[in-house]
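Hi everyone, thanks for coming. Please have a look at the model on the screen, and then I'll walk you through a few parts of it.

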Amino acid sequence: MCGIVGYIGNKNVAEVLINGLRRLEYRGYDSVGIAALLGNELIIQKQKGKVADLNKKLNYEKFNGCTVGIGHTRWATHGEPNDINAHPHCDCNGDIALVHNGIIENYSAIKKVLIEHGHTIQSETDTEVLVHLIEYYHQTMSLVDAVQKTLTRVEGTYGIVVISKKEPDKMVAARNGSPLILGIGDGEMIVASDASAIVEHTRKVMYVSDGEIVEITKDTVRTFDLRKHELEKQTDKIDWDIAYIEKQGFPHFMLKEIFEQPETIQNAFRGRIVLDEGKTRLDGLRLTEDELNSIKRIIFIACGTSWHAGLIGEYLIEEYARIPVEVEYASEFRYCSPILEKGDLVIVISQSGETADTLAAMREAKARGVRVLGITNVVGSTIARESDGGVYIHAGPEIGVASTKAFTSQITVLILLTFYLARRRFMTADAGREFLQELIQVPALVQSILGKNDEIKAIATLYQHHRNFLYLGRGIQFPVALEGALKLKEISYIHAEGYPAAEMKHGPIALIDENMPVVFIAIKDEVYQKVISNMQEVKARKGKIIAIATEGDEEIQKFADHVFYVPATIKIASPLLTVIPLQLLAYHIAVLRGCNVDQPRNLAKSVTVE
């Protein structure tokens, strides 16, 4: 969950590293550091805090003439955030520097042996044992061989980049479970945790796979497996512009990404709707007609916001395609002895395509012989490469830690998948055309909701100081309630819980008094009157009610203290509208409370460790 960048070339190394770390700071932001080689000197500057804190103190002149360097922005796992635990770490002699993303599970045993052999371990991290092991082997062999030898002794996950005074014209990178991408430029190379640190330098990239070691000079790249067999690797091209990772006038990435949703929803369905036939086209699934017809059960596997999207997918597919669906937490899937049988289809959902728990669950499912598809945002990600097929959501880079546009893009893809399956079973072409015509209108409806942003901000002003919230919805709106509560928790640090509205009577109603705001998703649908009854129960206990309702519904004003209206649409597309005001409510409350909405405490964007 840390950000890694390494550079070799003719540009100012310190500037390249700091700019790259700024792009990667959403991956971790409790400490930061850079290291570079200048002749026979290894220069390291690191400290607790954010990239901006290091940048203020950085002596750029000290790095003049450096041609190779590495940088790191940390999300702490082993050892608290402080100057000593910050990366890069170096060996006893100050010859080698290393940055690492991941967890070395057997570090305690290795650390004990190193200390017995006279090594001094200064930090509390699991990472430092790596650089000392490399030091031990590098005495008698090349840097790439020392890295290869070291990695045969460690257990766990890693993405590492290493530099050495003994070989000042190269970097060595390696990966197992933590993402690394190599950008290939003209007389320069840049390696990073994701493409956001690379795209301003080059769009030509090579994805490093698990079990690979890469030896990098400014002009050459050699890739090996862990047995030191050289590998042939393909290159790819980044297909998005750097503007995607700039704020473009917005105060925060999160707000920018909320406002991008009319475009990103449209991108998710562009080219995939065949309106005249009332169906959708999803060529990336790579499923034959026989495989499609033999699906008996679908299992969605995901974490966090993606898990909520999976719950919405369950409602959609079971109602419209009549296929049984289960939704599993990726973190629990491997440990609950999952029963997978012939006719099961596993679909993993991950914005980054690198989520450690989801990736492990995908591999477990594949090992059990079932077909596994991926729904992800990042082209070239591990899930995209290792799954049997899948669908990209095309949301573009999402920098804000709290997911917004990726969530609605995931829902859009799940709607397309629902039609894809339903049209092969029970749905007629006429029904398909009617539904899809409504789906095409959704981006404009989302835009109209965003146009009322100030109304949500006004509500947020009234509730910014409350310490607890309940979010309630029924049917397909229940996962939306879960997502609304999660957003508030993530970025404002207010305790919030989402429940099915009818479950309120089975416990949570005990919490309701005049200090408890309750957010109801109460659009006009088949359970509307049931939700109104639940609202009356809250009102009778003096709870404060914020309602998300359908335009034109005046009845609801009798029960709610505040009403935010969304346009009417078909049920299948309604979560794409009802979640928007909940995202904005969380955003504005967090800003009013002075929280860092893009980099909330203790969270990182891509969870690449278990």
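This is a predicted model: local features need pLDDT of at least 70, side-chain atom pairs count only at pLDDT 80 or more; totals for chains, interfaces and linings use all residues.

Residues are numbered from 1 along each chain as its sequence is written, and side-chain values use heavy atoms, with hydrogens and water left out.

Five strands form an open sheet in the order 19-18-20-21-22, paired in parallel. Strand 19 (325-329) and strand 22 are the edge strands, each with a single partner, so one side of each has no neighbour in the sheet. From one strand to the next, the twist averages 20 degrees. A word on terms: helices (H or I, at least four residues) and strands (E, at least two) are DSSP runs, numbered from the N terminus, and two strands pair if DSSP finds at least two bridges between them.

Within the sheet, strand 18 (residues 297-302) and strand 20 (residues 344-350) run parallel and are joined by five bridges. Ile298 sits opposite Leu345 of strand 20.

Now, which strands does helix 11 (residues 356-367) lie across? They are strand 18, strand 20 and strand 21, and helix 11 runs at about 165 degrees to strand 20. Angles here run from 0 to 180 degrees between N-to-C directions, with axes fitted as lines to C-alpha atoms, for helices over the stretch in contact.

On to the cavity. Its lining residues have an atom within 4 Å of a point on a 1 Å grid over the protein atoms alone, and a cavity is a set of points where a 1.4 Å probe fits but cannot get out. The second largest cavity has a lining that includes Leu282, Ile347 and Val413. Strand 21 (371-376), strand 22 (389-392) and helix 13 (405-422) each give at least two lining residues, and strand 21 has the largest share, with three.

Finally, Val480, which is in helix 16 (residues 478-492). Is Val480 buried or exposed? Val480 is buried, with a relative accessible area of 0%; buried means under 20%, exposed over 50% and partly exposed in between, using a 1.4 Å probe and protein chains only. Leaving out residues up to four places away in sequence, Val480 touches Ile312, Ile521, Pro575, Thr578, Val579 and Leu582, where contact means heavy atoms within 4.5 Å.

Conventions. On a 1 Å grid over the protein atoms alone, a cavity is a set of points where a 1.4 Å probe fits but cannot get out, and a pocket is an open set with protein on both sides within 12 Å along at least five of seven lines; lining residues have an atom within 4 Å of a point.
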